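Here's a quick briefing on charged and aromatic side-chain contacts.

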Amino acid sequence: MIKMFGRHFISLLAVTLLLGTLIVRLNRPQSDPQKTALRQWETLSFLDVGDEADRVLLKEMLDYYEPGREGEHLRLIEQLKQAARQQRLEQARGQQEIRTLDSGTVKHILEMFLVFSLIFICALLISYYGALTLGTLRFIREQQNRPSDGERLRAAFFNLPRHWSGKTLWTYFKPLPAALGRPLGRFFAYAVLFSPAYVLAYSFKSRFDSDMFLFVILLGVISNGMLITYTHKFYTFLNSESRKGFVDLARVKQMHDSYAFNKKNGIFRKQLLHWNKRFPGHVLGVIYENAHYQYTQTLKEQAAYLISSLIITEMALNVQGHLSYSMLQYLYYGDYAPVALIVLCLFWLVKLTELVVDLVAFRRDKKLGYH
C-alpha cells in the first residue's frame with residue numbers, strides 16, 4: 001500500500017508543481033506599461049484605432065514627422081490593431097479582460113469543478129452498473145442459444161402455410177411485427193449509443209443553459225460509445241472466463257448451469273438488477289466473480305474516457321456556466337492561467353479516481369489473501 005500511495009503522490013506532486021509554476025507565469029500583473037502607452041492613443045478623440053483607414057493615416061503621419069522609424073511605427077499600428085480586436089472581444093464577452101487569477105475567479109472555477117465532479121461521479125456509477133448489467137445480460141442470452149434476429153426474421157417470412165385462409169393468414173402475419181421490430185430496435189439502439197453527444201442533444205433541445213445537470217449525466221453515459229464500449233468489454237471478460245477449467249470443475253460440483261430465466265435451476269431476472277450481483281449455486285456466479293475481478297482495473301480507463309466525453313459534451317453544447325465551456329471561453333479570450341488551473345483540477349480528479357480504484361482493488365486482494 002505504501003508503494004501505491006507513493007506512486008500516486010509523486011505523480012500528483014510533480015504535475016501540481018509543474019502546472020502551479022505555469023499558472024504563476026501565466027498570471028499576468030495588473031499594470032502593463034505597453035497597454036498604458038497604447039491607451040494614450042486610444043483616448044484621442046480624433047482617432048478611431050478600430051478603423052483601418054485611421055490606422056493607415058496615423059502611420060503615414062508618423063512616418064512623415066519621424067522618418068527612419070518606420071519599423072517602430074508599423075509595430076505600433078499592429079499593437080493598436082490587436083488592442084482594438086481585444087476590445088471587441090471584451091464587449092462580446094460582456095466583461096473586462098481577466099488580468100489576474102484572483103480569488104473570485106478561483107472560487108468560480110472551483111464551484112464549476114465541484115459540479116463537474118458530481119456529474120462525473122454520477123455518470124461513472126451509472127455507466128459502471130450499466131456495463132456490468134448489460135454485459136451479463138448479453139452473455140446469458142448467448143448461453144441460451146436463442147436464434148438470431150436474422151434467423152427469426154427469415155423464419156417469419158418463409159414460414160408459408162400450405163393453404164391460405166383467414167386463419168392461416170393471421171397465423172402468418174402475427175409474428176412479422178415482432179420479427180421486424182427486434183432488428184430495427186437494435187439498429188436504433190446502436191445508433192443512439194454510438195452517436196456523438198451533440199447529435200443526440202440537438203435532437204431534443206435547441207438551447208442549453210446552466211440547468212443541465214441530469215441531461216449532461218445522461219448524455220455522458222449513453223453517447224460517444226461510452227456505455228456500449230464497456231458493456232462489450234465486460235462481456236468479453238465473461239466470455240473468456242467461461243472457457244476456463246474452473247467452470248468444468250464447478251459443474252462437477254453439481255452447480256447449476258442452466259441459463260433459463262426464472263427457473264429453479266436457472267437465473268432470476270431480479271439477480272441481474274442488484275448492484276452487487278450474486279448467483280449462488282450457479283456456474284455464472286464464479287464466472288462473474290472472476291470477470292468482475294479483472295474489470296475493476298478497467299475503471300481507471302473508463303474514468304478517463306468519461307471525463308473526456310463530458311468535456312467534449314459540455315464544449316459541443318455550449319452549456320453556460322459549466323467547467324468545460326468556461327475553459328473554452330478562457331482559451332478563446334487568451335486567459336491561460338484559468339485554463340491551467342482547470343487542467344490541474346481535472347488531473348486531480350483523474351488521479352483521485354485511480355487512487356480509489358487501487359484502494360478498492362487492494363482491499364479485495366487482501367480479503368482473498370493476495371497481500
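Asp257 is partly exposed, at 39% relative accessibility (buried is under 20% relative accessible area, exposed over 50%, partly exposed in between, with a 1.4 Å probe and protein chains only). Its salt-bridge partner is Arg251, with the closest N and O atoms 3.2 Å apart; a salt bridge here needs a side-chain nitrogen of Lys or Arg within 4 Å of a carboxyl oxygen of Asp or Glu. Arg251 is partly exposed too, with a relative accessible area of 35%.

Keep in mind that this is a predicted model: local features need pLDDT of at least 70, side-chain atom pairs count only at pLDDT 80 or more, and totals for chains, interfaces and linings use all residues. Residues are numbered from 1 along each chain as its sequence is written, and side-chain values use heavy atoms, leaving out hydrogens and water.

**Salt bridges**

- The count comes to seven salt bridges.
- Arg7 and Asp358 meet through their side chains in one of them, at 3.8 Å from N to O.
- Arg7 sits in helix α1 (residues 2–26) and Asp358 in helix α17 (residues 336–367), so this pair ties together parts 351 residues apart in sequence; helices are DSSP runs (H or I, at least four residues) numbered from the N terminus.
- Arg7 is partly exposed at 48% relative accessible area, while Asp358 is buried at 6%.
- Lys300 joins Arg7 and Asp358 in a network of salt bridges.
- Lys244 bridges to Glu241, with 2.9 Å between the closest N and O atoms.
- Lys244 is partly exposed at 38% relative accessibility, whereas Glu241 is buried at 2%.

**Aromatic pairs**

- There are nine aromatic pairs, counting rings of Phe, Tyr and Trp (its six-membered ring) with centres within 6.5 Å; planes under 30 degrees apart are stacked, over 60 edge-to-face, and the rest tilted.
- Tyr128 and Trp275 make a tilted pair, 5.5 Å centre to centre with 55 degrees between the planes.
- Tyr128 is in helix α5 (residues 103–143) and Trp275 in the loop between α13 (269–273) and α14 (283–295), so the pair ties together parts 147 residues apart in sequence.
- Tyr128 is buried at 14% relative accessibility, and Trp275 is partly exposed at 43%.
- Phe279 and Tyr288 pair up edge-to-face, at 5.9 Å and 70 degrees, and both are buried.
- One aromatic cluster takes in Tyr128, Tyr129, Phe234, Phe237, Trp275, Phe279, Tyr288 and Tyr295.

**Charge over a ring**

- Arg138 lies over the face of Tyr235, 4.0 Å from the ring centre (the rule: NZ of Lys or CZ of Arg within 6 Å of the ring centre and within 35 degrees of the ring normal).

Definitions and conventions: Helices (H or I, at least four residues) and strands (E, at least two) are DSSP runs, numbered from the N terminus.
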